[in-house]
Amino acid sequence: MFRSSTNKNLFIKLKTFMDNVKEPYPEEPPKPEVEPKTIEAKPHLDLIAKYSLFREKFQPKADTVYHPCGATDVSPSVAFPASRVIYVDIDEKTVEALKEGGFEAYTASALEFDPGDVDILIMLNPQISPDIPSSHVVENGFVLSNDYHGTASSLHHNKQYQLRAMVRVSRGGELMLDTENLEDYWREIDTEEEFQNAPFDWGAANYQMAVPVVEAVTGKRENVLAEYKKIINIAREEQRQENAQMLAEHPEWAEFIGDPDKEDIFMFNYSERQFVLSTTLPRKKGTVDDIFVFQKKKPTE
Ligand SMILES: C[S@@+](CC[C@H](N)C(=O)[O-])C[C@H]1O[C@@H](n2cnc3c(N)ncnc32)[C@H](O)[C@@H]1O
């Protein structure tokens, strides 16, 4: 059986060792107990202040406030203490927490849930289109939303709704309700000064990020807005050429190749450096985090 006495001796030694080991596979040390994350309904002071400012200025009818996709945020109940506030979320644990906090809450998709007539709809970062929830809003009722998930942009294109005001923090840090030149919340900046002064906005280009790429390409830190736009066009053209080449080599990839004119972001390589170019420019006023106040128009308006 053993080809040499060395092998035999080794086997005997190993067997003796194994026989003496009582637990050849020691148990894993117990894992430290991780506190389960508690989900709790809670209001947010900044949102209460914003909704309250809207309420004071507009004095809206507010019998029913509907807040779908709000997770555990119960700020509407504090800002509208005399209203029936309906919370709807698709996440069961979230809704359990809301119910435990004594709030009227339903586990459902807001794309299907019918809250009845709603005077004020609130949607922040909802992950869904506002089309269905906003269809429950009564004539002259309001929708308060931000635009981080494109909710406000979607309502802007909905002919039934009109932007009536913006609730935001001013440059000086004051909470304000703005009703002036509301079209500026949709218009892109078009001067160097506006680019320099635009507040940080998620997803949009900003002056500080534009300067290095402009400097790398032009050797100057001047006319940043105009030069940045030119660089975006260069990036689009490069992408167009790359796509054409890719398509020639792999025609079967056609459906996966995007349209460079619709890209929000480009990775732009220049002189062995790589820059991220956002093709969305800041708006003349506001950011996607502001509260857009829409009102539902009468059908004839
Ligand atoms: C990104 S969170 C936003 C939460 C809160 N509004 C905020 O701004 O912090 C999106 C919430 O919407 C919920 N949600 C996603 N799709 C939904 C749907 N179809 N119906 C109801 N709730 C939904 C998620 O469960 C989550 O709580």
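Mentor: Here is a short tour, from the whole chain down to single residues.
Mentor: This is a predicted model, where local features need pLDDT of at least 70, side-chain atom pairs count only at pLDDT 80 or more, and totals for chains, interfaces and linings use all residues. Residues are numbered from 1 along each chain as its sequence is written.

Trainee: How many helices and strands does the chain have?
Mentor: The chain has 9 helices and 10 strands. Helices (H or I, at least four residues) and strands (E, at least two) are DSSP runs, numbered from the N terminus.

Trainee: What share of the residues count as buried?
Mentor: Of 301 residues, 30% count as buried. Buried means 20 or more other C-beta atoms within 10 Å of a residue's own; exposed means 12 or fewer; partly exposed is in between, and C-beta atoms are placed from the backbone.

Trainee: Which strands pair with S4?
Mentor: Strand S1 (residues 64–68) pairs with S4 in the parallel sense, over 2 bridges. Strand S5 (residues 137–145) also runs parallel to S4, joined by 5 bridges. Pairing requires at least two bridges found by DSSP between the strands.

Trainee: Which residues are bridge partners there?
Mentor: Tyrosine 66 has leucine 121 of S4 as its partner. Methionine 123 has serine 145 of S5.

Trainee: What is leucine 124 in contact with?
Mentor: Leaving aside neighbours within four places in sequence, leucine 124 is in contact with Gly70, Ser145 and Asn146. Contact means C-beta atoms, placed from the backbone, within 7 Å. The C-alpha atoms of leucine 124 and cysteine 69 are separated by 7.5 Å, and these two residues are 55 apart along the chain.

Trainee: Changing topic: which residues come nearest the ligand?
Mentor: Cys69, Ala71, Ile90, Asp91 and Asn125 come nearest, out of 18 residues around the ligand. A residue is near if its C-beta atom, placed from the backbone, lies within 6 Å of the molecule or strand in question.

Trainee: What classes make up that shell?
Mentor: The shell has 10 nonpolar, 5 polar and 3 charged residues. Ala, Val, Leu, Ile, Met, Phe, Trp, Tyr, Cys and Pro count as nonpolar, Asp, Glu, Lys and Arg as charged, and the others, Gly among them, as polar.

Trainee: Now helices. How do H8 and H9 cross?
Mentor: The axes of H8 (residues 207–218) and H9 (residues 224–249) come within 9 Å and cross at roughly 70 degrees. That makes H8 roughly perpendicular to H9. The contact includes Tyr207 and Val214 of H8, and Tyr228 and Ile231 of H9. By class, the contact has 9 nonpolar, 1 polar and 1 charged residues.

Trainee: What do those angle words mean?
Mentor: Under 35 degrees is roughly parallel, over 145 roughly antiparallel, 65 to 115 roughly perpendicular, and the rest oblique. Axes are lines fitted to C-alpha atoms, for helices over the stretch in contact, and angles run from 0 to 180 degrees between N-to-C directions.

Trainee: Last one: where is serine 271?
Mentor: Serine 271 is in the loop between strands S8 (265–270) and S9 (273–278). Serine 271 has a positive phi of about 50 degrees although it is not a glycine.

Terms used: Contact = placed C-beta atoms within 7 Å.
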